[in-house]
Every structure is written in structure tokens, then in C-alpha cells.
Amino acid sequence: MEHRDDDAHAALSPRTRVVALGRPERAPGAPLNAPVTFTSTYVQDGPVNYARVDNPTWTPFELAVGDLEGGRALLYSSGMAAVHAALSLVPQGGTVVAPAAAYNGVVVSLTEAAEAGRLTVRWVDITDDAAVGAALPGADLLWLESPSNPLLEVADIAGLAAAAHEAGALVVVDNTFATPLLQRPLEDGVDVVVHSATKYLAGHSDVILGLTVTPDTATGRDLHTRLARQRTLGGAIAGPMEAWLALRGLRTLSLRVERACANAADLAGRLATHPRISRVRYPGWGAIVSVEVAGEGDDVVEAEALTTGTRIWSPSTSLGGVESQLERRRRQPGEPEAVPVNLVRLSVGVEDVEDLWADLEQALDRI
């Protein structure tokens, strides 16, 4: 099915584009939404010969996210599939510069690849520009998260990207926490943006998907081709139903992010004054807040008591859904030791902020 020319949407606000992008061509009797195509096989001599290569249900979501990020997107079966696709750009024996405190799936993947001799990792503090710059000579790829997961550290993306390119390294940024509504790393010179579309983009905790996005430059087009080939040969493809659900979720991204960010800013201020909280980590924007619980005994036990003492907040290991979630991150195997044992990550949802605060307050007061 043909899709509308998204160039017509270029002058529109992103809040409008999340609703308008990826629609079928407008014609009398045409559907407003792209249909789901369930097929593994195509009749020969067409543009696609097998469904591991492409599916028309992927296209609207890829077009929409690519437009929002300012590049060209590829959809994968999970966020980690997108991560591994991006890491496949590192040559055998190459070097990756990465945050010492990053998402544990990335940390574990890089650690195991280094132990197997596939690559070398130079771990850095992404807030220390000098340290990152010192680690870049001879590197093949700089991996960034900003804000980072779960410490919410913010990197100078544009400055570090320029330094990495000067050293001959590619730059990948995980933009899951920020979404393209709050941050567009390709505009800062980044080569590949990665998303766990499971989180904010789909937004309803009902799909597992990932994305890479590359810019419309000579380098970006080459990377897109390499990533698409890796997806086809690696087989980490999205199911059509998941792709359709993600596009439906994307329609409300602006509303969800606006509400969740407002709630997070409010809660961060209140948490900072609570005697059971020793530190609030919040960069001043976004919908994730991390707190360190100050107990009178075992910090681990008391942080766990917060996560199990709530009624509205769900103790669960994801984020970016409409519902509010919280988790003590060090309970997860492979979580970096730089993450305090009493740190609880809060993914703030779209519920009434007074209800969210009352639930947190009663759980904190009962510790």
C-alpha cells in the first residue's frame, strides 16, 4: 500500500506529525490506518521476495519514526536486536568507548564480546568530556546514552560526536529515554540512533520492538544498507502485529510524554524533601526519576520496601508505558556496580500526580 508523501508534513509540529505520519494515501474509501499484512511469502518478481526482508506493516512505523528523528529508520524484533545491529558495525578486534554506567543489556553484551576477543571496551564516565576524549584515539565506535540508564547522566552529545569523528569513530546514541520529541541526536552529528520502541514510542507495555535510525548523508545511507543487511541475515525482524500496535501507540506519544514529564518534574521536587530519600537524580527534563533510599538499617531491604509498598506504582523492570513503574535496579543481574544498591528507578506515567505522590509517600513513610 502506498503511503502519503511525508514531505508535506515537514513544516508541521512534531506533536502533529506523530498523528499524521505513516498514513495511507488519502482517497475516497481508503482506510485511515495502514492495515496489518500477515504473510511469510510473496509472489515472485515483486519488490520483496520474502518476509524476512520486508513487510508493508513495518513501513509506516519506520517512516514515522525516521521523520521524527530526521533520518531513516529500521525496525527490529527488540531493543536489544537494534543494539546488536549497531554493535555489528564495529569490526572484528575493534574498540568501543562506552559508559561505565549504562543499560545493563549493553554493558553485559560489550563485556561478553570483550571476553570472547571480539572487541575491546574502554569504559568511561560520559559526563567527563576530557576522559571520553582521551579514550577515543584508535576507537571505532563511541556509545552514548543521554540521559543514561539509570543514573540519568547527561552527555554533551554534539561535542563528543565531533571529538569521536575527529578520531575516526562512529557515534551511536540510545535515545530511548528522551524520545525524538525531546532530543534529536542526528542533528548533533550522531551516526546511528537506537531506540527500544518497547518503551515510549509504543507506550503501552504490550510490544517488544527496537529501531535504528541513520541520517540522510552518504555515511548514513551506507550505514542504513549495512544495518538492513544485518537485520535480514540475522533474522531479528518484527512481527507485523507488533509493528501495527507500535504505530497506534505512537499516535499519542506527544500527549503521553507531555503528561509524564510534567508529573516527573513535580514528583522530583517533592521527593527531594522527603527524609527517606537521600538523593534524587533528575536532569530537569524527561519522565524518569531515580532516587536513593535513605534507611535506618539495610539500604537494600529498605529500597525494596519502597518498590513493594506501593499500590499504584507497579514494581516491574520496564519503563515508558502509560502506567507508573519502579524498580531497584541492582536486583537485576549484570547491573553495573556504579549503580548504588539503594537506587530505585521511577518511570513516571500519566496518572494523576496527586495519586502518584500519595502512593509514594505512604510507601516511604512505612519503611
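Which residue forms a salt bridge with glutamate 62? The partner is arginine 231, with the closest N and O atoms 3.0 Å apart. This is a predicted model, in which local features need pLDDT of at least 70, side-chain atom pairs count only at pLDDT 80 or more, and totals for chains, interfaces and linings use all residues. Residues are numbered from 1 along each chain as its sequence is written, and side-chain values use heavy atoms, with hydrogens and water left out.

**Salt bridges**

- The structure holds 13 salt bridges, each defined as a side-chain nitrogen of Lys or Arg within 4 Å of a carboxyl oxygen of Asp or Glu.
- Side chains of opposite charge can pair when their charged atoms come close.
- In the pair formed by glutamate 62 and arginine 231, the glutamate lies in helix α2 (residues 58–69) and the arginine in helix α8 (residues 218–234), so the contact ties together parts that are 169 residues apart in sequence.
- Helices (H or I, at least four residues) and strands (E, at least two) are DSSP runs, numbered from the N terminus.
- Both glutamate 62 and arginine 231 are buried; buried means under 20% relative accessible area, exposed over 50%, and partly exposed in between (1.4 Å probe, protein chains only).

**Arginine 270 and its partners**

- Aspartate 266 forms a salt bridge with arginine 270, at 2.7 Å between the closest N and O atoms.
- These two residues, aspartate 266 and arginine 270, both belong to helix α10 (residues 253–271) and are four residues apart, about one turn of the helix.
- Aspartate 266 has a relative accessible area of 30% and is therefore partly exposed.
- Arginine 270 also meets glutamate 354 in a salt bridge (2.8 Å, N to O).
- That pair links distant parts of the chain, with glutamate 354 in helix α12 (residues 353–365) and arginine 270 in helix α10, 84 residues apart.
- Glutamate 354 is partly exposed, because its relative accessible area is 44%.

**Backbone geometry**

- Most residues other than glycine have a negative phi, and most peptide bonds are trans.
- A cis peptide bond joins serine 146 and proline 147, with omega about -5°.
- Another cis bond runs from asparagine 149 to proline 150, with omega near 10°.
- Proline 147 lies in the loop between β4 (141–145) and α6 (157–166), and proline 150 is placed in the loop between β4 and α6.
- Threonine 179, in helix α7 (residues 179–182), has a positive phi near 65° and is buried at 1% relative accessibility.
- Serine 205 has a positive phi near 55°, lies in the loop between β6 (192–196) and β7 (210–215), and is partly exposed at 44% relative accessibility.
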